[in-house]
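Keep the sequence and the coordinates open while reading.

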Amino acid sequence: MRSSRSDHRIDSGAVRRLSPDHVQWIRELLAARYTVGMRATGRSMRPFVNSGERVWLRTVDRIPSPGDVLMTLRPDSTPVIHRVRRRRYRDGLWWFQTCGDGSRHPDPWVRLDDVVGLVARVETATGQAVSFRALTLGSVPIHLRRVISATRRRLAHWESRLGHARVLAPFRR
């Protein structure tokens with residue numbers, strides 16, 4: 001674990017297996033305005049967040065919107081980092097439906113109380129920081145640029161395997 005008082009960042013390890021005590025510790029650090037970093041595992045957020053990349057969480061200081069990426073707790077207390085797909089306000093509580101960028105099916109609805117933190121940025125394996133909201137290229141956010149480039153690579157792969165250059169031509173630049 002690394003801690004730096006000057007920038008209030010704490011590195012807490014991998015997301016895969018966190019005990020309830022560890023989750024509580026992360027919540028307390030976020031409440032004290034620290035930024036908590038951990039290494040992502042799994043493939044559900046590919047191509048935006050790849051396994052092994054560092055994910056930095058911050059406190060949830062507003063109601064998350066669709067497109068925000070959250071760390072939530074599943075009913076079995078397993079932490080998961082997924083993008084908000086939908087939100088609703090019912091019976092005095094905010095509810096969120098999340099889904100991984102690489103997943104086909106959404107997660108079960110979770111309450112705002114089950115949200116641990118909001119993902120502030122991702123650091124790639126090379127140490128390059130990618131912000132979720134602030135960085136844009138023209139009007140296209142950086143994370144969408146990564147999705148588009150990964151889709152183009154997949155299309156090129158299938159084009160080479162199937163030989164359907166004319167079918168996939170409209171998707172090329």
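How many helices and strands does the protein chain have? The protein chain has three helices and 12 strands. These come from a predicted model. Of the 173 residues in the protein chain, 36% are buried. The chain exposes about 10600 Å², and carbon and sulfur atoms supply 50% of that area. As for the contacts, among those between residues at least 6 apart in sequence, 48% join residues at least 24 apart.

Strand 3 covers 35–39 and strand 4 covers 54–58, and R46 lies in the loop between them. M45 is found in that loop too, between strand 3 and strand 4.

Is M45 buried or exposed? M45 is buried, because its relative accessible area is 4%, and the cut-off for buried is under 20%. Leaving aside neighbours within four places in sequence, M45 is in contact with V69, I81, H82, R83, C99, G100, D101 and G102. One of these residues, C99, is 54 residues from M45 along the chain, and the C-alpha atoms of the two are separated by 8.4 Å.

R46 has a relative accessibility of 41%, so R46 counts as partly exposed; that class runs between the 20% limit for buried and the 50% limit for exposed.

Key
Residues numbered from 1 in each chain as written. Predicted model: local features only at pLDDT ≥ 70, side-chain atom pairs only at ≥ 80, totals over all residues. Heavy atoms only, no water. Helix = DSSP H or I, 4+ residues; strand = E, 2+ residues; numbered from the N terminus. Buried < 20%, exposed > 50% of the residue type's maximum accessible area, 1.4 Å probe, protein only. Contact = heavy atoms within 4.5 Å. Areas by Shrake-Rupley, 256 points an atom, 1.4 Å probe, with all protein chains shown as cover.
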